[in-house]
Amino acid sequence: REREMETEFSLGSHTYTPIFFSSPKTHRWLTRQLQNEGVVVVGIGEQTSVFYIGQLATGKAAYTSAEVRAAMDSLYGLSDEQLARFPQPTMVLPKLVLLHTVMEVLGMRTVLCRLSTGICQGVLLHSQFWQP
C-alpha cells in the first residue's frame with residue numbers, strides 16, 4: 001500500500017516538512033511546488049552523482065534543463081578518452097540523459113549542485129538551503 005510519509009520538525013521559529021517520495025500524491029505536490037517562480041532544486045551528491053556530472057558538463061553550479069541538453073549535444077560522439085575529465089567517462093551521457101529527463105518531467109527550472117559525501121541528513125538542519 002502506498003503512503004506518504006511526512007514528519008514535521010522545527011528549527012528555531014521555522015517548521016519544515018521533508019517529503020519522502022512514496023506516492024502519486026507526493027509527485028503532484030512536488031510538481032505544483034516546482035511551478036512556483038524562483039524555486040531552485042538542490043541536488044546533493046558526491047563526485048559521481050548525476051548532479052555533479054551536470055555541473056561539470058554545463059560549467060555551472062546552478063543549471064537549467066536546456067543547459068544540460070546543450071551539454072549533452074556537445075559531448076555526444078566523444079570517446080572515453082575525450083571525456084576523461086569526468087569521473088566515470090562511460091556514464092556521462094547516461095547520467096545527463098537521466099538528469100535532463102527528470103528535470104523536464106518534473107518541471108525543474110534550475111538545479112543547484114552541492115557536493116556531499118556520506119549521509120546527507122544534516123542538510124535538513126542547515127539553514128542555507130531552506131527559506132520559511
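Guide: Leaving aside its neighbours within four places in sequence, Leu96 is in contact with Ile53, Gly54, Ala57, Val68, Met72 and Leu75. This is a predicted model, in which local features need pLDDT of at least 70 and side-chain atom pairs count only at pLDDT 80 or more, while totals for chains, interfaces and linings use all residues. Residues are numbered from 1 along each chain as its sequence is written, and side-chain values use heavy atoms, with hydrogens and water left out.

Visitor: What makes a pair of residues count as being in contact?

Guide: Contact means that heavy atoms lie within 4.5 Å. Leu96 and Val68, for example, are 28 residues apart in sequence, yet their C-alpha atoms are 6.8 Å apart in space.

Visitor: Why is Leu96 called buried?

Guide: A residue is buried under 20% relative accessible area, exposed over 50%, and partly exposed in between (1.4 Å probe, protein chains only). Leu96 has a relative accessible area of 0%, so Leu96 is buried.

Visitor: In which element does Leu96 lie?

Guide: Leu96 lies in helix H4. Helices (H or I, at least four residues) and strands (E, at least two) are DSSP runs, numbered from the N terminus. The protein chain has 4 helices and 7 strands, and its elements run β-β-β-β-α-β-α-β-α-α-β from the N terminus on.

Visitor: Is His100 buried or exposed, and how do you know that?

Guide: His100 has 15% relative accessibility and therefore counts as buried. His100 is also found in helix H4. Apart from neighbours within four places in sequence, His100 is in contact with Ser65, Val68, Arg69 and Met72.

Visitor: What makes H3 roughly antiparallel to H4?

Guide: Helix H3 (residues 65-75) and helix H4 (residues 92-106) pack at an angle of about 155 degrees, with their axes 9 Å apart. That angle makes H3 roughly antiparallel to H4. Angles under 35 degrees count as roughly parallel, over 145 as roughly antiparallel, 65 to 115 as roughly perpendicular and the rest as oblique. The axes are lines fitted to C-alpha atoms, for helices over the stretch in contact, and angles run from 0 to 180 degrees between N-to-C directions.

Visitor: Which residues form the contact of H3 with H4?

Guide: From H3, Ser65, Val68, Arg69, Met72 and Leu75 meet Val92, Leu93, Leu96, Val97, Leu99, His100, Met103 and Glu104 in H4. By class, the contact of H3 with H4 has 9 nonpolar, 2 polar and 2 charged residues. Here Ala, Val, Leu, Ile, Met, Phe, Trp, Tyr, Cys and Pro count as nonpolar, Asp, Glu, Lys and Arg as charged, and the others, Gly among them, as polar.

Visitor: Why are H2 and H4 called roughly perpendicular?

Guide: The axes of H2 and H4 come within 9 Å and cross at roughly 100 degrees. H2 and H4 are therefore roughly perpendicular to each other. In this contact, Val50, Phe51, Ile53, Gly54 and Ala57 of H2 meet Val92, Lys95, Leu96 and Leu99 of H4. The residues of the contact of H2 with H4 divide into 7 nonpolar, 1 polar and 1 charged.

Visitor: Which residues of H2 are buried, and against what do they pack?

Guide: The buried residues of H2 are Val50, Tyr52, Ile53, Gly54, Ala57 and Thr58. These buried residues pack against strand S6 (62-63), H3, H4 and S7.

Visitor: What makes a set of residues a nonpolar core?

Guide: A nonpolar core is a set of buried Ala, Val, Leu, Ile, Met, Phe, Trp, Tyr and Cys residues joined through side-chain atoms within 4.5 Å. Of the 22 residues in the largest nonpolar core, Tyr63, Val68, Leu75, Phe86, Leu96, Met103 and Met108 touch the most other members. The elements that give two or more residues to this core are helix H1 (24-34), helix H2 (50-58), H3, H4 and strand S7 (111-115). H4 gives the most to this core, with 5 residues.

Visitor: Why is Gln88 called partly exposed, and Thr90 exposed?

Guide: Gln88 counts as partly exposed because its relative accessibility is 39%. Thr90, at 54% relative accessibility, counts as exposed. Gln88 is placed in the loop between H3 and H4, and Thr90 is found in the loop between H3 and H4.
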